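I wanted to look up a few things and write each one down plainly.

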Amino acid sequence: MYLSALQVTWYQDSFQLQPTDRRLMLHNGQTHSLIIKNVQMSDFGNYSCLVTNSIGRDKRYIELSGKPGPAKIISSQYSNPHEYDLKWTVQSVFPIIEVRVLFKKIMINSSYHHPGQWHDLLIKPSQSYNSATSERTQSYRLHNLQADSTYECVIQTKNQHGYGELSDTFQWYTAPKGRIILQSNGGVFNSFSEVILLSILSI
């Protein structure tokens, strides 16, 4: 069966696009690409690609947005009894201006998990920026946690274009009362005695 060549048409918000100095429409064999250089505010919107040949037609959609991507929580799963250093990364070309942190304690017994009440915080932590990847890193210390407990949280970040999607749910565990969790490049230590022993062995 002979198949006619593909005809590919690109649209932005239902308006057909034409090539420009900033907007390139390329194809290599059966692969077609729309490349936008020096992205501007006017480039944000909903894009679609209409593909047609002698068999039929198909259309696919994608959104180009200036909003931040979903945050990725990268902090440890263990914390001191009453506080926790929450750390995350997020991809955003534009600075993050506000962060929403929702966290709660999970009540656990032998038969079921009983969710606690959500705590909803709006914070404005500092951020470091990697221009090569558009990735921003932020952190915030949570206080007044209960010892020997399980917590979970989600994070949502906001830049000048609005809020991004919620992060995946993340769980961590607070240490029993009186135990100190120390962070190290080599891992997590549960007591000062372990740190001293490892220091002696490394001499």
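Before I start, I need one cut-off: a residue is called buried when its relative accessible area is under 20% and exposed when it is over 50%. I also remind myself that this is a predicted model.

**Entry 1: a pair of rings.** I looked up Phe-103 and found a relative accessible area of 7%, so Phe-103 is buried. Tyr-151 is buried as well, at 4% relative accessibility. The rings of Phe-103 and Tyr-151 form a tilted aromatic pair, with 6.4 Å from centre to centre and 45° between the planes. Phe-103 belongs to strand 10 and Tyr-151 to strand 15, so this pair ties together parts that are 48 residues apart in sequence.

Entry 2: How many of the residues of strand 10 are buried? I noted eight of the 11 in residues 98–108, so strand 10 is largely enclosed by the rest of the structure. Strand 10 runs antiparallel to strand 15, and nine bridges join them. In strand 15, Cys-153 is the bridge partner of Phe-103. Strand 10 is also antiparallel to strand 12 (residues 119–123), this time with five bridges. There, Val-99 stands opposite Ile-123 of strand 12.

Entry 3: I searched the whole structure and got four aromatic pairs. One of them is Tyr-84 with Trp-172: the ring centres are 4.2 Å apart and the planes are at 10°, so I call the pair stacked. Tyr-84 sits in strand 9 (residues 84–91) and Trp-172 in strand 17 (residues 170–174), 88 residues apart. Tyr-84 is buried at 3% relative accessible area, and Trp-172 is buried at 0%. Ring pairs link Tyr-84, Phe-103, Tyr-151 and Trp-172 into a cluster.

**Entry 4: charges over rings.** I found Lys-59 over the face of Tyr-11, 4.8 Å from the ring centre. Arg-136 lies over the face of Tyr-129, at 3.8 Å from the ring centre.

Entry 5: I traced four antiparallel strands in the order 7-9-14-13. Strand 7 (72–73) and strand 13 (128–130) are at the edges with a single partner strand each, so one side of each has no neighbour in the sheet. Three bridges join strand 13 to strand 14, and Asn-130 has Glu-135 of strand 14 as its bridge partner.

**Entry 6: positive phi.** Most residues other than glycine have a negative phi. Asn-38, however, has a positive phi near 50°. Asn-38 lies in the loop between strand 4 (31–36) and strand 5 (45–52), and Asn-38 is exposed at 62% relative accessibility.

Key: Residues are numbered from 1 along each chain as its sequence is written. This is a predicted model: local features need pLDDT of at least 70, side-chain atom pairs count only at pLDDT 80 or more; totals for chains, interfaces and linings use all residues. Side-chain values use heavy atoms; hydrogens and water are left out. Helices (H or I, at least four residues) and strands (E, at least two) are DSSP runs, numbered from the N terminus. Buried means under 20% relative accessible area, exposed over 50%, partly exposed in between (1.4 Å probe, protein chains only). Two strands pair if DSSP finds at least two bridges between them. Rings of Phe, Tyr and Trp (its six-membered ring) pair if their centres lie within 6.5 Å; planes under 30 degrees apart count as stacked, over 60 as edge-to-face and the rest as tilted. A charge sits over a ring if NZ of Lys or CZ of Arg is within 6 Å of the ring centre and within 35 degrees of the ring normal.
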